[in-house]
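Please keep the sequence and the model in view while reading.

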Amino acid sequence: MNYAAIIAADMRLVLLRALCEDADYSHNEYVLKSILEQLGHRTSSDRLRTELAWLTEQGLIITDDRAGVVVARLTPRGKDVACGACVIPGVKRPEPL
């Protein structure tokens with residue numbers, strides 16, 4: 001696995017876990033960008049939207065555009081991946097606690 005793939009896999013796990021921790025299993029793109037930056041992933045809005053689109057294609061989240069702001073919501077499959085119950089190539093598997 002190359003450097004770019006490692007970074008992308010970790011970013012995707014961070015996004016899924018952030019959504020998993022929310023009471024409604026959802027966040028808007030601005031909150032998700034802030035969470036990524038706090039965990040060492042400084043990224044552009046374009047890159048974030050690309051990763052959200054990838055997660056949507058995998059069935060791990062659903063997205064909704066609300067007045068130009070993307071809101072992501074975790075799916076049951078996405079929750080399984082965030083918790084490590086299911087493994088998806090391209091998403092880092094969480095470390096055991």
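Which residue caps the N-terminal end of α1? The cap is N2, of which a side-chain oxygen lies 3.2 Å from the backbone nitrogen of A4; a polar contact is a pair of N or O atoms within 3.5 Å, where, within protein, one must be able to donate a hydrogen and the other to accept it, and residues adjacent in sequence count only if both atoms are side-chain atoms.

## Basis of the description

This is a predicted model, in which local features need pLDDT of at least 70 and side-chain atom pairs count only at pLDDT 80 or more, while totals for chains, interfaces and linings use all residues. Residues are numbered from 1 along each chain as its sequence is written, and side-chain values use heavy atoms, with hydrogens and water left out.

## Overall build

The secondary structure of the chain comes to four helices and three strands, where helices (H or I, at least four residues) and strands (E, at least two) are DSSP runs numbered from the N terminus. Along the sequence they follow the pattern α-β-α-α-β-β-α. The radius of gyration, taken over C-alpha atoms, is 12 Å, close to the 13 Å that the globule rule gives for 97 residues, so the chain is as compact as a globular protein of that length; the rule is 2.2 Å times the number of residues to the power 0.38.

Along its principal axes the C-alpha trace spans about 35 × 30 × 25 Å. Buried residues make up 39% of the 97 residues, with buried meaning under 20% relative accessible area, exposed over 50% and partly exposed in between (1.4 Å probe, protein chains only). Among contacts (heavy atoms within 4.5 Å) between residues at least 6 apart in sequence, 53% join residues at least 24 apart.

Helix α1 has 19 residues and reaches 27 Å from its first C-alpha to its last, close to the 27 Å expected at 1.5 Å a residue; the expected span is 1.5 Å times one less than the number of residues. Its buried residues include A8, A9, M11, R12, L15 and L16, and what covers the buried residues of α1 includes β1 (26-28), α2, α3, β2 (61-66), β3 and α4.

Leaving aside neighbours within four places in sequence, L16 is in contact with L55, L60, I61, L74, G78, V81, A82 and V91.

## Individual residues

E51, in helix α3, is buried, with a relative accessible area of 4%. Apart from its neighbours within four places in sequence, E51 is in contact with A8, M11, R12 and L15. T43, in the loop between α2 and α3, counts as buried at 12% relative accessibility, and touches M11, K33, L36, E37 and L48, not counting residues up to four places away in sequence.

I7, by contrast, lies in helix α1 and is partly exposed, with a relative accessible area of 23%. The C-alpha atoms of I7 and G90, which are 83 residues apart along the chain, are separated by 9.9 Å.
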